[in-house]
Each structure stands twice: as C-alpha cells, then as structure tokens.
Amino acid sequence: MRTFNYTIILILLIAAAGFAQVKYTWTGGTGSWQTASNWNPNGVPGVADTAVINSGTVTTDQAVTVAGIFQNGGIINGTGNISITAKFIWVAGTQAGTGTTTITSTGTGIMTTGNGKVLSRIFVIDGLLEFQSSGPLSFSTGAQAVNNGTIDFQANVSLGNINGTIVNNGTLLNSSATGGGILGAPFTNNG
C-alpha cells in the first residue's frame, strides 16, 4: 500500500511540473516568437506560460496561445494570431502586424502607466480590459479594437484616433474615471 501511495505522489508531482507556468523574457533584438533561443530561459512560451517583452521586435507568423503577456515596451508583430487566456498587462510598446491579439473570455487586460501605446493590428476583447491610467492608446493604419466583453475606463484616457476603428459589441463602463474615456476613432456601437 505504501509503494502505491508513493507512486501516486510521484505521478502527481511529475504532472504538476509538466503544467507549471514558466515566465519567458524576450532577449531583445528582432526575431521569431517560435525560436527558443530568443527567450530566456531557452524555450517557447506556450499555453500555460507568460511572455515578457521589454524591448526589441518579436514576430509571430503562427497562432500562439499563452496564459499571459507583460509588454513593457518593444513591438509584437506578425501575421499570427495571439490569444491570452489569463492576464495581459500593457505598460508601453506597440502591437503591430496583420494578426489579431485576443483577450479571451477568461482573460483580463490591464492598460497601466501614462506611457503611450500604439495599436496597428486587430485587438479583440472577449473578456475584460481595464484602463487604469491616463496613457493614450493610439491607432496606426489598420488598427481595430473590437469589444465583445467589457472595457472599463478607470482613468481619463484617449482610445484611438482616425487611423483605426472601434467596434463595441459588449459593455463600456466608466467605473471610477471622472471624465471617462475619449473614443477618438470612428466608433460603431452594437452593445
């Protein structure tokens, strides 16, 4: 019986190690998301992992699903779609390319700090996106924000400009901002 219990414990420990979340940090420069040597530790962020981008340009031309992204700067680029299932924190930097970045229905996005952020790809919110600081989110040509979930303006912020579009199929909230969000792009409200 004791051997059986030890075997079960060993199997559970191995399984837990296999599903453990790893934080991968982009090493800077320009390169492909799918190249293991571009990340520290050496590997490619996957479904249970968090990707940290502080500088450089990371390009994905394949579909990617991660638990989290912490973008403190740099550029995320490419034709590949990115799905974030848990937490997306956008401090600064650019989301570019022709792919789509999606905060899934289980995910939360947080726009933080007064640093500028630039969007020039499709950005889909199926979960929750909180604007917690007054830093603007500017649009470059081709940008589109599609809200199917909830956007909560918790600070006075400018969202978009005439280079992109905003489509609201969900809910827009102004939970704590005194002035609220300024929608600076062509806006379609279906929500």
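**Labels and their cut-offs**

Author: Gladly! Let us begin with Phe139: apart from neighbours within four places in sequence, Phe139 is in contact with Leu119, Ala145, Leu159, Gly160, Asn161, Asn163, Gly164, Thr165, Ile166 and Ala185. Contact here means heavy atoms within 4.5 Å. This is a predicted model, where local features need pLDDT of at least 70 and side-chain atom pairs count only at pLDDT 80 or more, while totals for chains, interfaces and linings use all residues. Residues are numbered from 1 along each chain as its sequence is written, and side-chain values use heavy atoms, with hydrogens and water left out.

Reader: What makes Gln95 count as buried?

Author: Buried means under 20% relative accessible area, exposed over 50%, and partly exposed in between (1.4 Å probe, protein chains only). Gln95 has 1% relative accessibility, so it is called buried. Gln95 belongs to strand 9 (residues 93-95); strands are DSSP runs of E with at least two residues, helices are runs of H or I with at least four, and both are numbered from the N terminus.

Reader: Which side chain makes a polar contact with the side chain of Gln95?

Author: That of Thr101, at 2.6 Å. A polar contact is a pair of N or O atoms within 3.5 Å; within protein, one must be able to donate a hydrogen and the other to accept it, and residues adjacent in sequence count only if both atoms are side-chain atoms.

Reader: Which residues have the most contacts inside the largest nonpolar core?

Author: Ile69, Phe131 and Phe139, in a core of 32 residues. Strand 8 (residues 82-90) gives the largest share of this core, four residues. A nonpolar core is a set of buried Ala, Val, Leu, Ile, Met, Phe, Trp, Tyr and Cys residues joined through side-chain atoms within 4.5 Å.
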